[in-house]
Amino acid sequence: MKRAGYVVLVIVLVALLCSSCLHIDKPESVMTDVKKEVQQDFGDYPAQKNVTIDGEDFLQSQAPIGRFGGSLVASTIGEGPKTFNPFNSKDNISSLLSEVMYDGLLTTQPVTGEPIPKLAKSFSVNGREYIVKLRHGVKWSDGKPITADDVVFTWQNIIFDGFGNTSTRDSVVIDGKLPIVREIDDYTVQFVTPKPFAPFVRMLSTPIAPKHVFEPAVKKGREYFDTFLSTNTPPEQFVTSGAFRLKEYVPAQRVVFERNPNYYVINKADQKLPYLDKLVYLIVGDINNEVLKFEGGELDIIGLQGANVARFKELEKHSNFKVYNLGPSTGTMFLSMNLNNRRNDKGKFNVLPKKQKWFQDKNFRQAVDYAIDRDNMVFNIANGLAEPLFTAESLNSIFLNKDLPSYEKNIAKSKELLKKSGFYTDKKGRLYDEEGNRVEFDLYTNAGNTEREAIGVMVKQDLEDLGMKVNFKPIEFNTLVNKLVNTYDWDMVIMGLTGSPLEPNGGKNVWMSDGTLHMFNQRPAGYKKDDRLDWEKRIDDLYVQGALATDFKDRKKFYDEYQKIAYEEKPFIYIYSPLMISAMRTKFKNVYPSMLGGLTHNIEEIYIEK
């Protein structure tokens, strides 16, 4: 937990910086020059290929042969992981770190985006049937073979039986039914979906668990499983299939992984990869600290916010790192209001009834939307290295609805919408609802993410232009997540979600009304009453139809319509889409930047030059 004084100091500094930057006039040429300098630099990644040596099936790297040894030091923002169990993870940091250790049957080709084999040697799709052939001779880090038994156990006994985070399970439910999985032989698995289901092939990238390790935990029940492979688990108890396995975890300081000697990827000299001995993640707390650690040489790689890019490009000329432009973010950043009007287990409303009435009012949500000055945020926070965002799909999504127009801040339009719903201002410009209640609410985001803190300061100012009183409260990330998906006691929030530009169904748990991340109108687990709003019902239908359609054009019509509904109803008010810009030390070789995979998608092939 951060010290209170430190958090206040960060907030004050951000507020001062953002208040002053509102009045700075920067020449447009500055932004243009930065964009020109940070061009996309995607090399041709030499795809790995299958080879069989003495009856064992390997993936062989086609990248130049490197040297073994050394470490790559990366970082995470916040308080660190909450679990190392990939099936329990509910946050990006825990998912990132746990998935370092566990591979899936398939992965995404980092350039083309097509599904390709990983733990699997091959796969085929025939209507509702998916046949996956596993690699012979592949072993877990403890030396035991990886077989079809592990795959069936993972999907049937963990995912389908609802252990841990049920997002994957929820994403593959089709007309209330789950796919069937069965073992054909030791190295062949068959999946059958109830109907043709376009997104399912990408779901096969889900990590596979070692049955001999996870089965005892499953047999002890869900409550035990929820704490299984927690951050308190001794590293030697982890059995993994990925390029690395856990070596050390020091809370609030670092996570250290060491190479897995049984990894199934080899180089062209038939030597087992990875080249690196260690992969280290420093837990740095906040973005400012992360920048300082990179500049001090403690980090080898960093994601850059727009405000730092121009300076890093100048430093690059005389430094030992290179700046990469990976293209538009594949995720979305947004403002959301709590539409939940349910009572908690103590019989109290999670949101005060007067606020429920405001937030459920479409005119109120649209008024907030028109009051947001996205152009100002792009200019001053992202330093021009972003584009205003108005859609639920990211700007690089192949399913993006390009017919939805953008617009600028329009305070007059906001006031007109508020007036329609009976809101009025007094002589001091303070906003009241038709019952005489002062419009005041709390706005949250995760502390330590200075970009979101800066956005929060600007949103506060924009909404106060309408006479609203906004109490801006950055809080620790996991505390915020608990409010959003467990206790529901929040008013308004600035958040972001990761996403795929290739498959909208990954957002099913966000947009389906019973989804575990349907945060703007979250329903408790097991909630049965159908109190969906009409537009929620329609989005539910569209997501089902979009997944069942197999032709791209047919699918896109359904996803276009859901985006149109989200655009009009404003459960999420999207802010902007930043460019993904990273810096990495030039001593690392076999680096092939990818919009889909970043700089380290091929971590096993990356090595340190002498």
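Modeller: Let's begin with a term: a residue is called buried under 20% relative accessible area, exposed over 50%, and partly exposed in between. Keep in mind that this is a predicted model.

Colleague: Happy to. Why is D149 called partly exposed?

Modeller: D149 has a relative accessibility of 33%.

Colleague: What makes K211 and D149 a salt bridge?

Modeller: Their closest N and O atoms are 3.2 Å apart. The limit is 4 Å, so the pair qualifies. K211 sits in helix 7 and D149 in helix 4, 62 residues apart.

Colleague: Why is D57 called buried, and which class does K121 fall into?

Modeller: D57 is at 4%, under the 20% cut-off, so D57 is buried. K121, at 30%, lies between 20% and 50% and is therefore partly exposed.

Colleague: How do you know whether R523 and E536 are buried or exposed?

Modeller: R523 has 9% relative accessibility and E536 has 1%. Both values are under 20%, so both residues are buried. Their side chains meet in a salt bridge at 3.1 Å, N to O. R523 lies in the loop between helix 17 and helix 18, and E536 in helix 18, so the pair ties together parts 13 residues apart in sequence.

Definitions and conventions
Residues are numbered from 1 along each chain as its sequence is written. This is a predicted model: local features need pLDDT of at least 70, side-chain atom pairs count only at pLDDT 80 or more; totals for chains, interfaces and linings use all residues. Side-chain values use heavy atoms; hydrogens and water are left out. Buried means under 20% relative accessible area, exposed over 50%, partly exposed in between (1.4 Å probe, protein chains only). Helices (H or I, at least four residues) and strands (E, at least two) are DSSP runs, numbered from the N terminus.
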